[in-house]
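Subject: Structure handover

Hello,

Here is the structure you are taking over.

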Amino acid sequence: MVGAGLSGAVIGRTLAEAGHNVTVIDSRDHVAGNCHTARDPQTGVLVHVYGPHIFHTDDTEIWDYVNRFSRFIPYKNQVKSTTQGHVFSLPINLHTINQFYGKTMHPDEARAFIASQADSSITDPQTFEDQALAFVGPDLYEAFFKGYTQKQWGCDPTVLPASILRRLPVRFNYDDNYFFHTYQGMPEDGYTPLVTAILDHPRITVQLNTTFEAKDVGKWDHVFWSGSLDGFFGCNLGRLGYRTLDFEQFTYDGDYQGCAVMNYGDADVPHTRITEHKHFAPWEDHQGSVLYRETARDCGPNDTPYYPIRLVAEKALLADYVAAAKGTKNVTFVGRLGTYRYLDMDVTIREALDCAHDWQHAHTSDTPAPLFSKAPL
């Protein structure tokens, strides 16, 4: 398993329990990948080192799986947004609408009002901006989506696909829970102890601070690669586009913003959001506070990739790398980087379990081993 994040840990554990000897390596000095958590030595706050991760799913099997390895405490993600000199609740809900427009509308009144604001002439939205205007109209688009999106993606919303916005909810009640899912929570002790517990099996060996090169594939019966797809091939066809995040850490004696996540929708504010990490574990009590300002930019060769861009040029290059992968024996590309997709944690675990089971079936039959945990195209 190349990578000790969720994909490598779950596939490794599943195959170890099936009787295989598994080696998990990672170039970093810790397990858990980008969901790594660690205690801040000064304040004791549990910090999400690579940005916040909140577990949410409708998949009962996945919820039971993670609770097998860690106690999960219910957690509701309640995001706020500072824009145009005011603080609002996200996702856009009845409180947001009434506050923004200075009204006291009932749900049906708000629904009709937003419909009157939306651009009904856009019947087949192709871009992010088209989708937003057809969805909520120009006022809410300008306040909550346009500036934030420009900062997050580094380009104008008119060149982003409409699909990016289609999953964002607008609610005509006062529900400010960011997610719809049945199960929502945080591992009590953090994600790194969770992944450490998954990897705790006598048939699993973990090697940190260890790099892997494609030329070493032949030394193993099979390799599950959760690094970047283009990185496996030395980026010899070009680099797939990613956005990365810069984190500016600062501390505060007390409660800085009263919530875990504060978005900043104005385009002239350089950061996209501030996260206050003690609020991700409200069952703990800390006087001091650890916060991060997040700023997005294009990912360079030595940066940590976060969000695949997946615009037209990247999709064409992706097709070339998929073709190259098909010519590679005894390697399965898995996870967020290996399949060049943005994945929530529950989906990552589901695909890892399914991939491990598919590989185990192939190992005991004439079925070809899976090339990807899920096809990236």
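Predicted model: local features only at pLDDT ≥ 70, side-chain atom pairs only at ≥ 80, totals over all residues.

Overall picture

The protein has 11 helices and 16 strands. Its C-alpha atoms fill a box of roughly 65 × 50 × 35 Å along the principal axes. A compact globule of 377 residues would have a radius of gyration near 21 Å, and the protein has 22 Å, so the value agrees with that expectation. Of the 377 residues, 55% count as buried. The accessible surface comes to about 17,300 Å², and carbon and sulfur atoms hold 49% of that surface. Among contacts with a separation of 6 or more, 72% are between residues 24 or more positions apart.

In what order do the strands of the open sheet lie? The order is 7-6-12-13-14-11-15, which makes seven strands, and the pairing is mixed. Strand 7 and strand 15 (307-308) are the edge strands, as each pairs on one side only. Strands of a sheet pair through backbone hydrogen bonds, and the pairing can be parallel or antiparallel.

Strand 6 runs antiparallel to strand 7, and five bridges join the two. One of the residue pairs here is lysine 80 with its bridge partner serine 89 in strand 7. The two strands form a hairpin with two residues between them, and glutamine 84 in this hairpin takes a positive phi near 55 degrees. With strand 12 (residues 261-264), strand 6 pairs in the parallel sense over three bridges. Serine 81 has asparagine 263 of strand 12 as its bridge partner, and threonine 82 has tyrosine 264 of strand 12. Is strand 6 (residues 79-83) mostly covered or mostly uncovered? Strand 6 is mostly covered, with four of its five residues buried.

Aromatic rings

A pair of aromatic rings is described by two values, the distance of the centres and the angle of the planes. How many aromatic pairs does the structure hold? There are 28. One of them is edge-to-face and consists of phenylalanine 88 and phenylalanine 144, at 5.3 Å centre to centre and with 85 degrees between the planes. Phenylalanine 88 is in strand 7 (residues 86-90) and phenylalanine 144 is in helix 6 (residues 138-153), so this pair ties together parts that are 56 residues apart in sequence. Both phenylalanine 88 and phenylalanine 144 are buried.

Phenylalanine 247 and tyrosine 292 form another edge-to-face pair, 5.9 Å centre to centre, with 90 degrees between the planes. Phenylalanine 247 lies in strand 11 (residues 242-253) and tyrosine 292 in strand 14 (residues 288-298), so the pair links distant parts of the chain, 45 residues apart. Buried means under 20% relative accessible area. Tyrosine 292 counts as buried because its relative accessibility is 9%, whereas phenylalanine 247 counts as partly exposed because its value is 25%.

Ring pairs also link Phe212, Trp225, Phe232, Phe233, Tyr321, Phe333 and Phe372 into a cluster.

Finally, two arginines lie over ring faces. Arginine 28 is over the face of tyrosine 50, at 4.3 Å from the ring centre. Arginine 171 is over the face of phenylalanine 180, at 4.4 Å from the ring centre.

Regards

Note on methods
Residues numbered from 1 in each chain as written. Heavy atoms only, no water. Phe/Tyr/Trp six-rings, centres within 6.5 Å; stacked < 30°, edge-to-face > 60°. Buried < 20%, exposed > 50% of the residue type's maximum accessible area, 1.4 Å probe, protein only. Lys NZ or Arg CZ within 6 Å of the ring centre and 35° of its normal. Pairing = 2+ DSSP bridges. Rg over C-alpha atoms; globule rule 2.2 N^0.38 Å. Contact = heavy atoms within 4.5 Å. Areas by Shrake-Rupley, 256 points an atom, 1.4 Å probe, with all protein chains shown as cover.
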